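Take a look at the structure first, and then read on.

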Amino acid sequence: MLHYVIKRVLYMIPTMIAISIVAFLLIQLPPGDFVTSLAAQMSAQGDSVDPTTLAMLRRQYGLDQPIWVQYWIWISNIVFHGDFGRSFDFDVPVSDLLWARLGLTFVLAFTALVFTWLVALPVGIYSAVRKYSVGDYVATFLSFVGLAVPNFLLALVLMYIALQLFGVSIDGLYSAQYANAPWSWEKFLDLAQHLVVPVIVLASSGIAALVRIMRANLLDELFKPYVTTARAKGLSEWRLIAKYPVRAALNPFVSTIGWTLPELVSGATVTAIVLNLPTTGPLLLRALIAQDVYLAGAMILMLSVLTVIGTLISDLLLAWLDPRIRYR
Amino acid sequence: MKPVLGARLRACVLASVASFICTMAASAGESPMLEALVSSGDLPPLAERIPASPLVVTPVDRVGDYGGNWHSALMGGSDDGWILRTLSYENLMRWSPDWTEVIPNIAESVEVNDDATEFTFKLREGMRWSDGAPFTADDIRFWYEDLFRNPQFTPSAQEPFINTDGSPVAFEMIDEVTFKFTFANPKGLFLQYLATARPLDNAAVRYPRHYLEQFHPDYSDDIDAEISAAGQADWVGLLTSKANFWANPDVPTINPWVFTTGYGSGDASRANAERNPYYWKVDTEGNQLPYIDTRTFDILSDPQVLVTKTLAGEIDFQDRSLATPANRPVLFEGRERGGYEFFEQTPASPNYMIMMFNLNHRDPVLEELFQNKDFRIGLSHGMDRQEILDVVWIGQGEVAQTSVMPGSVYYNEQLAKQYTEYDVDLANEYLDKVLPERGGDGMRLRPDGQPLAISFAYSAAVPIFGDALELVAAQWEKIGIRMVPTPLDRTLIQTRQDAGELEGVAWERGGGAGQEVVLDPRWWFPSNNDSYYWAPAWTAWFLDVNPETAQVQPEEPPEAARRQMELYGELQASPDPEEQVRLMNEILDIAAEEFWTMGVAWQANGYGVKKTNFLNVPASMPASWIYPTPAPTNPEQYFIEAQ
């Protein structure tokens, strides 16, 4: 087992190198560079900037160097100094920007995940056990609607309703007065209030999908002989279901936990933009559009690391569950 | 809360000679936010914080109330134009609110000698940086000697601080409050340049010596640690980022508001600023400005969020990224619910849509075709401008070419109205001189016999150009010209523009009214970065760009353009305003004769959004970058009416 883990960890190194090169090239692939996009943005607002200033910026950011030189400066600083460079767009260190947003991103994504499971598992179990009942039809109908409606559209609809009914814009994660205030109980409550809509929106499609998966998985298990045996032995119906078939049906969830790691960071970018959430998704999109190379590069690198680690975790979980995998 | 006129006022009525000054000093009010600090001893009294002769700003409607927070928004991380326009328009000189003259701002007065070579500025005695340190001519000297003349910080000197031959201006500090710029030749536009928002033009007053010396190698031995701690490559990067007042709240400024949460700090979702206790402007009753205590800038990634926030009544005053023609109906409908109203912005753009051909295209066949004036005249006659105006801009505006708007001393009838009548026969007559051959489908062929299809680029972010160009394409098809409107990402247009690869391109903004005509002559001759759209190689020649680093190679322009460039040089050197107008009109005459670009129609008025209780905003103001809307209307005297 240890041998297997070490082998897998060693595999990660060339994967990461390849990812870093591809990511850096991809970010640079669109025409122009950060300075071009800056000039374009300024021009679109009617501001103008002279070519000398642009040339100076290009020199300052090292954008006049060949791409492999730029790549080496970037990656060597990360590897040898742990320095992700400065964001061109915001003119602050990339790590400051990322850490400030990662916390909230995790809080939001984790809350949404917990909410998803809390709602989806009981509903899924119910609709499997009471197959073709009115409740099952309602749950099925709602989950198909949830699957079909894009998150961001739901967000827009909720925003529209809030604006029309209450005259407020439900964007952001804090009220204005708490935005830069130190942490306090009031600020926490404020955050909790602001989390309600994003969590519902983010969880909606997840809930819908999970309800369907749980229902299908459980239906596979419900009619197996061990269930009949347990029932014959006189176990109460709900205890029986919770103890045996539900546990078996949960296996596929466990093995997909690893995939949710990168999802926590990059998930729901469009929703976050619509709801103006200070999470990493909009930052990444903005960095890619503005060709803010170091910021975008750091984020893609981080997503890749999380994906690789996530895959490792699910492989390890599978290996632990299924001894046959270990020896391949 | 109204500033209280205290009992001190009554004690003052005695001395009649000094009564004016006395009234000023005695009635002087300040924000309650600062009064508390003064009474607790954390801040010196007002009289010690403001200069002996502060700049007196006349409020637009009335003396305002102190307090409140001005909430607006920025898009992404590089949107500092909005900060420049509303928070930091503090130059040596400034535009009068009606944009007719240049008036002293930081400078208390300026003296210019008769041939406009010597400019002697007198600063305000007792003026202070936002940390209380004196603002003196020595700060200007720090900029001049240690930054502007430092070859690392300023590799090559730029307008407006250069002589005609490109050498830097001479500087002399006469005493604590007096300094002089001396040019080798007359510099007629110098004061006007000093009134714009362009970063180079206000550089002289952006660098507090007492704070920045610690980041300069000439004054500080050990800055390597600072450089690496800040993640910068050299001291230039370090000093530039330390001097950046919207990112670094520690740097003292002379702006009405100083940042407490920098733009880009924390999770980069919001920036905050609060009033500068040492601000050096007062209203007509001697109350220290600004009226508004704090500023909040939401940092958004999507302009639609800004629309929602405005509809919900969260935005106090904004035009940037918000007041687009497309948003107008929805914002208009939501006025009452959102508690806001519109104010008018008069356009400074010379047209709704300026249609340009790349006169320096890489393909010699296309280059020759685009440079042929008959070709452009033919196409111009082949456009039914009234139809386009009616359909796309619902008839709001007036059919015209790319030209100075009426009412200006630079208005040029020929430039405005030539070739605007829709006449298919006339169009064909002109085009037959240039492209007589037609293919089997009736469409004209290039001179080398290849089919002609002009790709006309426009920014995908401005879909209204697409609507207009589709109509133009249909109209041109009737005269045998195939044109393909091509939506491109704005960055891609910029890239192709820099490389001189565009064929046709549609854009607007700049140079159509007020002093913009002179200071931003991008459409009248190949003059600045924005002229790269239609004449990249000639512009590069005029700007004297380095051929080794430039993407487009400089090329000597034809006789007419060279003459315009000469005239512009004379204009820049002329000390006499009337002579400047005459020279500019001569440049515009040549522009009319050459017909560089074509247009559709003059713009109707634009708008901005402000809350109904956000007062002292003029009912109308020009929309311009040279004017930096709304800065010359004095945002420091805007106020939020106490409810």
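## About the model

This is a predicted model, in which local features need pLDDT of at least 70 and side-chain atom pairs count only at pLDDT 80 or more, while totals for chains, interfaces and linings use all residues. Residues are numbered from 1 along each chain as its sequence is written, and chains are lettered from A and ligands numbered from 1 in the order in which they are written.

## The sheet in chain B

Chain B has an open, antiparallel sheet of four strands in the order β5-β6-β8-β7. Strands here are DSSP runs of E with at least two residues, and helices are runs of H or I with at least four, numbered from the N terminus; two strands pair if DSSP finds at least two bridges between them. β5 (107-112) and β7 of chain B are at the edges with a single partner strand each, so one side of each has no neighbour in the sheet.

Five bridges link β7 (residues 170-175) of chain B with the antiparallel β8 (residues 178-182) of chain B, and a hairpin of two residues connects β7(B) to β8(B). Within this pair, A170(B) has T182(B) as its bridge partner. Five bridges also join β5(B) to β6 (residues 118-123) of chain B, where S109(B) stands opposite K122(B).

## Where the chains meet

In all, 50 residues of chain A are in contact with 52 residues of chain B (contact means C-beta atoms, placed from the backbone, within 7 Å). α2(A) gives the most to chain A's side, with nine residues.

Conventions:
Contact = placed C-beta atoms within 7 Å.
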